[in-house]
Amino acid sequence: MKLTFFYLPLCPYCKQARKVMAELMAEHPEYKAVELDEVNEITNPGIVKNYDYYHVPCFFNGEQKLYEADPNDPEDVVKSKLDDMFRALVG
């Protein structure tokens, strides 16, 4: 399974998502089977224009959006949403 992970290098929500993903991977090693294709919005505008989202971080499986950051979500909610996303992917 491969996900496209859109991010901005200095984005605090992207940094939070990376931290949460590291925690989740430590707690659930099976999540490491999900390959992440990381796309920096700044350096890859040609790729970004083909996807419909507003906030980063954002994760797509093919053309299906699985998660888009909500700046109002606290870290525990982000962790729960990303956990649900990874759990669904690995079965």
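The accessible surface of the protein chain amounts to about 5300 Å², and carbon and sulfur atoms contribute 51% of that area. The model is a predicted one. Of the 91 residues in the protein chain, 36% count as buried.

In secondary structure, the protein chain comprises three helices and four strands. Along the sequence, these elements follow the pattern β-α-β-α-β-β-α. The radius of gyration of the protein chain is 12 Å, close to the 12 Å given by the globule rule for 91 residues, so the chain is as compact as a globular protein of that length. The C-alpha trace spans about 35 × 25 × 20 Å along its principal axes. Among the contacts in the protein chain with a separation of 6 or more, 66% involve residues 24 or more positions apart.

Strand β1, residues 2-7, pairs with strand β2, residues 35-40, in the parallel sense, and the pairing runs over six bridges. One of the bridges joins Y7 to its partner N40 in β2.

Within strand β1 lies T4. With a relative accessible area of 10%, T4 is buried, because this value falls under the 20% cut-off. Leaving aside residues up to four places away in sequence, T4 touches D37, V39, Y51, C58, F59 and F60. Of these partners, D37 and V39 have numbers within the range of strand β2, residues 35-40.

Methods: Residues are numbered from 1 along each chain as its sequence is written. This is a predicted model: local features need pLDDT of at least 70, side-chain atom pairs count only at pLDDT 80 or more; totals for chains, interfaces and linings use all residues. Side-chain values use heavy atoms; hydrogens and water are left out. Two strands pair if DSSP finds at least two bridges between them. Helices (H or I, at least four residues) and strands (E, at least two) are DSSP runs, numbered from the N terminus. Buried means under 20% relative accessible area, exposed over 50%, partly exposed in between (1.4 Å probe, protein chains only). Contact means heavy atoms within 4.5 Å. The radius of gyration is taken over C-alpha atoms; the globule rule is 2.2 Å times the number of residues to the power 0.38. Accessible areas come from the Shrake-Rupley method with a 1.4 Å probe; for residues, only the protein chains shown count as cover.
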